[in-house]
Amino acid sequence: MDRRRFIILGSAGSVAVLTGCGGGGGAATPPTGTTPPPASPAVSNPPPATPVSPLTAGQPLTDLVRLTNTSTTPGVFAATLVAQRASKSMLPGTSTEFWTYNALVPGPLIDVFEGDTVRIRLENRLSQETTVHWHGLPVPPDQDGSPMDPVAPGATRLYEFTLPVGSAGTYWYHPHPHELTAEQVFRGMAGLLVVRSRTDPVPAAIEERLLVISDLRLALDGTIPANTTMDWQNGREGNYVLVNGQYRPVLTINPGQSQRWRILNATNARYLRLALTGHTVTLIGTDGGLLRSPVPGLDEILLAPAERVEVIVTASLSSQASVVLQALPYDRGDMGMMGSSSTTIPLLRVDYTSAATAAVALPGALNAIADLGVPTQSKRLVFSSGMGMGGMGGGMMSFLIDGKTFDPARIDLTSRVNELEQWTIENRSGMDHPFHLHGTQFQVASRTRNGVTTTEPYLAWRDTVNVAAFETVVLKVVQHQLGKRMYHCHILEHESQGMMGVLEVVD
Ligand code: C2O
Ligand code: CU
Ligand code: CU
């Protein structure tokens, strides 16, 4: 597609490079040359300048705080999540107010087993409605924290569900109230939820590390600014990328050691093209659990917003200096001003210790995933964007599924319970959109780009799949429970502006 680069004058007089996407219709021909032209009307509301004093980097990576189980009954996990404001000093001499679960950013780790019954009370101490959505988990629709079930400010509700055998995987939870999801997440509300199997094939000698990657934008005074018009259009990216709430922390590994990293992209809109300098990684799992067998030798992994992976990282036997987990440049077709599509961002430093450890071998077979088979129904969804001032924050674009924006009172699609369907998701816009479906895990079958169709190289359980600009993704899916389910783009600014639909699962 036609992506034009042009120079614009930022609000502070600084010159920034804007990558424009060609789908803008009536956009004027971009000026070139060394003299900056006046600011383009499309960027009348630019993101604030990056604070000069950076956050403190280089602290040891902290483990996530675990949510305490208050139940004494075996097989029951009971706890309370309090949605509340909490302040923390991020930039020296300033205080940052986050919106949190239990005053933690990221929220506490929920660590449970297959078969467990989970009972979590939500106390909403925010001044607006919220929900807790259990992203990726097969919970009943009325327990899923969808926009249909808001919890009013000051109110409390109990979420209860049982985790079926076979659901072991890396999930997360986040708010999902109508129109307010994007803001609640960028202000700090998201947490990891790990479902474990009692018969996990990955040897316990392989140490686990949990990495929650989130975005944070801070103004110079340490506050978290509201979304700009550009954020509502592109999806918000912050000026800091955090791992477990820390800025460029340090993880240690022994020479020769293998570690199992579960990684969550909890950002609103940032694509993480993850790479570890001087190392390859082995992919062992996706959103909904382990692959059939390990996929070794990967130089990089693209983790779209809301996606998770499990990887095995094996340190080389000789000590290495400055190994860094980084996010490589990725062009998702946004009209970004933050330079995210052209910059490599260090996320985490990996320090080698001096004590060598023998690598632990992985079994060749991890998970007996069967192909879902031959679908008996098919559906087609089209993503598009159009010009229009309908969006929140006076956005220039609207983002649509099948030409519509979300209406909680409308049912867009109907599926029969337990019936295997083929869904074709066609992206007719010049921007990538991560497609997410509630209530189940699906299998991607193929992806078509520029007329070339690639069959998915391995079976994997996913609840989110990136649909790149002008790409078509075909997946197979079964819904096992009756009721209404959401499907949407997981760039949360798009979701909150209505790039979402309702699927009703019927008998
Ligand atoms: Cu992660 Cu509908 O959400
Ligand atoms: Cu979800
Ligand atoms: Cu989108």
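Which residue lies over the face of Phe186? I looked this up at the outset: Arg236 does, at 3.6 Å from the ring centre. I took a charge to sit over a ring if NZ of Lys or CZ of Arg is within 6 Å of the ring centre and within 35 degrees of the ring normal.

**Entry 1. Conventions**

I note that this is a predicted model, in which local features need pLDDT of at least 70 and side-chain atom pairs count only at pLDDT 80 or more, while totals for chains, interfaces and linings use all residues. Residues are numbered from 1 along each chain as its sequence is written, chains are lettered from A and ligands numbered from 1 in the order in which they are written, and side-chain values use heavy atoms, with hydrogens and water left out.

**Entry 2. The chain as a whole**

I recorded three helices and 33 strands for the protein chain. These are DSSP runs numbered from the N terminus, helices being H or I with at least four residues and strands being E with at least two. Of the 507 residues, 58% are buried. Here buried means under 20% relative accessible area, exposed means over 50%, and partly exposed lies in between, with a 1.4 Å probe and protein chains only. I then turned to contacts, meaning heavy atoms within 4.5 Å. Among contacts with a separation of 6 or more, 75% are between residues 24 or more positions apart.

**Entry 3. Aromatic rings**

I found 10 aromatic pairs in the structure. Rings of Phe, Tyr and Trp (its six-membered ring) pair if their centres lie within 6.5 Å; planes under 30 degrees apart count as stacked, over 60 as edge-to-face and the rest as tilted.

One of these pairs is Trp134 with Tyr159, which is edge-to-face, at 5.7 Å centre to centre and 80 degrees between the planes. Trp134 belongs to strand β7 (residues 133-135) and Tyr159 to strand β8 (residues 156-162), so this pair ties together parts 25 residues apart in sequence. Trp134 is buried because its relative accessibility is 0%, and Tyr159 is likewise buried at 0%.

A further pair is Phe383 with Phe435, which is tilted, at 6.3 Å centre to centre and 40 degrees between the planes. Phe383 is in strand β23 and Phe435 in strand β27 (residues 433-437), so I counted this as a link between distant parts of the chain, 52 residues apart. Phe383 has a relative accessible area of 0% and is therefore buried; Phe435 is buried as well, also at 0%.

I also noted a cluster, in which ring pairs link Tyr101, Trp134, Tyr159, Phe161 and Tyr173. Tyr159 has a charge over its face too: Arg157 lies 4.1 Å from the ring centre.

**Entry 4. Copper ions**

Which protein atoms are the donors of the copper ion (ligand 2)? They are NE2 of His133 and NE2 of His436, lying 1.9 Å from the ion. His133 is in strand β7 and His436 in strand β27, 303 residues apart. Both histidines are buried.

For the copper ion (ligand 3), I listed His433 (ND1), Cys489 (SG) and His494 (ND1) as protein donors, at 2.0 to 2.1 Å. Their spacing in sequence is H-x55-C-x4-H. Cys489 is buried at 0% relative accessibility, and so is His494, at 0%. Donors are N, O and S atoms within 2.8 Å of the metal (3.2 Å for Na, K and Ca); water is not among the atoms, so sites may look incomplete.

**Entry 5. Nonpolar cores**

A nonpolar core is a set of buried Ala, Val, Leu, Ile, Met, Phe, Trp, Tyr and Cys residues joined through side-chain atoms within 4.5 Å. The largest has 31 residues, of which Leu211, Trp261, Ile263, Val311, Leu347 and Leu348 touch the most other members. Strand β22 (residues 345-352) gives the most to this core, with five residues. A second, separate core of 29 residues includes Ala269, Phe383, Trp423 and Val467. In soluble globular proteins, nonpolar side chains tend to be buried together.

Ser385 is in strand β23 (residues 377-387). At 30% relative accessible area, Ser385 counts as partly exposed. The C-alpha atoms of Ser385 and Phe399 are separated by 4.4 Å, although these residues are 14 apart along the chain.

Lastly, I examined strands β28 (residues 443-449) and β29 (residues 452-455), which run antiparallel and are joined by four bridges. Strands pair if DSSP finds at least two bridges between them. Ser446 has Thr455 in β29 as its bridge partner. The two strands form a hairpin with two residues between them, and Asn450 in the turn has a positive phi of about 50 degrees.
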